[in-house]
Amino acid sequence: MSRARLSRILGSLGLALLTALGARPAAAQTPAQTPRAYVDGTGPGWRTLGERDFVDVNGLPETWVWEGDLLIGTGEPIGVMRSRDTVANFEMVVEWRHLRSGGNSGVFVWVPADALTGLPPGELPKKGIEVQMLDHGFRQQYEQRTGRVGDWFTTHGDIFAVGESRLEPFPPTSPNGSRSFPRKERSRGAGEWNHYYVRAINGEVRLWVNGEEVSGGRAAQPRTGYLCLEAEGAPIEFRNIRIRELP
């Protein structure tokens, strides 16, 4: 065998060996990308929800005040405002911020009419799926007020069934298994705007907080009903509430 031919063979073998060995370390060094979906609620089928799209359920005239597309809630009395129409499968985006530390609020999904009829001021519906909006200061205030450890909730986007409703929460879950705990800590504190993207299809609810999926659940019952915005004792603001209904 000539020296030139031997050199070509060895070169080819070396290139193949380097390619095989070198590809694996390169792939191992590439970090796994966490799925993200910053949906801004624009495009075909999306529409803005404003004052004419909601109906007060058990608040006072000053509980909810619209200033253009900005909704200002005092949080008092505790209660909800519902969408004018019921929804089944949909996507929703909403931006929100608490105006003081420890604020509590949320969006209820698929609340049936019988849970809202005759609901007195100071009470929340006993059915629906809650997508929680809780400020970070709530934990400290809860523990100081009750003397108990606040390990049954988080402040980063819990999802859970309310009262008589049912949901199989995605893991990780709360200690009693009733809540889907977020996989990442994505929420911002009082005074800062948060972005929620909610996708609710065929009894499955998923939540993205500030662009990243964190929590959800499946097999919800019921899986059609009203959307409700929650007043729960603390001032809050909502803006850019948009929805796209799906088949």
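Biologist: Tyrosine 197 and tryptophan 208: buried or exposed?
Modeller: Both tyrosine 197 and tryptophan 208 are buried. Buried means under 20% relative accessible area, exposed over 50%, and partly exposed in between, with a 1.4 Å probe and protein chains only. This is a predicted model, where local features need pLDDT of at least 70, side-chain atom pairs count only at pLDDT 80 or more, and totals for chains, interfaces and linings use all residues. Residues are numbered from 1 along each chain as its sequence is written, and side-chain values use heavy atoms, with hydrogens and water left out.

Biologist: How many aromatic pairs are there?
Modeller: The structure holds 10 aromatic pairs. Rings of Phe, Tyr and Trp (its six-membered ring) pair if their centres lie within 6.5 Å; planes under 30 degrees apart count as stacked, over 60 as edge-to-face and the rest as tilted.

Biologist: What is the geometry for phenylalanine 90 and tryptophan 110?
Modeller: Their ring centres are 6.4 Å apart and the planes sit at 85°, so phenylalanine 90 and tryptophan 110 form an edge-to-face pair. Phenylalanine 90 belongs to strand E6 (residues 90–98) and tryptophan 110 to strand E7 (residues 104–111), so the pair ties together parts 20 residues apart in sequence. Strands (E, at least two residues) and helices (H or I, at least four) are DSSP runs, numbered from the N terminus. Both phenylalanine 90 and tryptophan 110 are buried.

Biologist: And why is the pair of tyrosine 197 and tryptophan 208 tilted?
Modeller: The ring centres of tyrosine 197 and tryptophan 208 are 4.9 Å apart with the planes at 40°, so the pair is tilted. Tyrosine 197 is in strand E12 (residues 194–201) and tryptophan 208 in strand E13, 11 residues apart.

Biologist: Which residues do ring pairs link into a cluster?
Modeller: Phe138, Tyr142, Trp152 and Phe153.

Biologist: What lies over the face of phenylalanine 153?
Modeller: Arginine 139, at 5.0 Å from the ring centre. Arginine 179 lies over the face of phenylalanine 160, at 3.9 Å from the ring centre. The criterion is NZ of Lys or CZ of Arg within 6 Å of the ring centre and within 35 degrees of the ring normal.

Biologist: Changing topic, where does glycine 211 lie?
Modeller: In the loop between strand E13 (204–209) and strand E14 (212–221). Glycine 211 counts as buried because its relative accessibility is 6%. Valine 39 is 172 residues from glycine 211 in sequence, and the C-alpha to C-alpha distance is 7.5 Å.

Biologist: What does the secondary structure of the chain come to?
Modeller: Two helices and 16 strands. Of the 247 residues in the protein chain, 47% count as buried.
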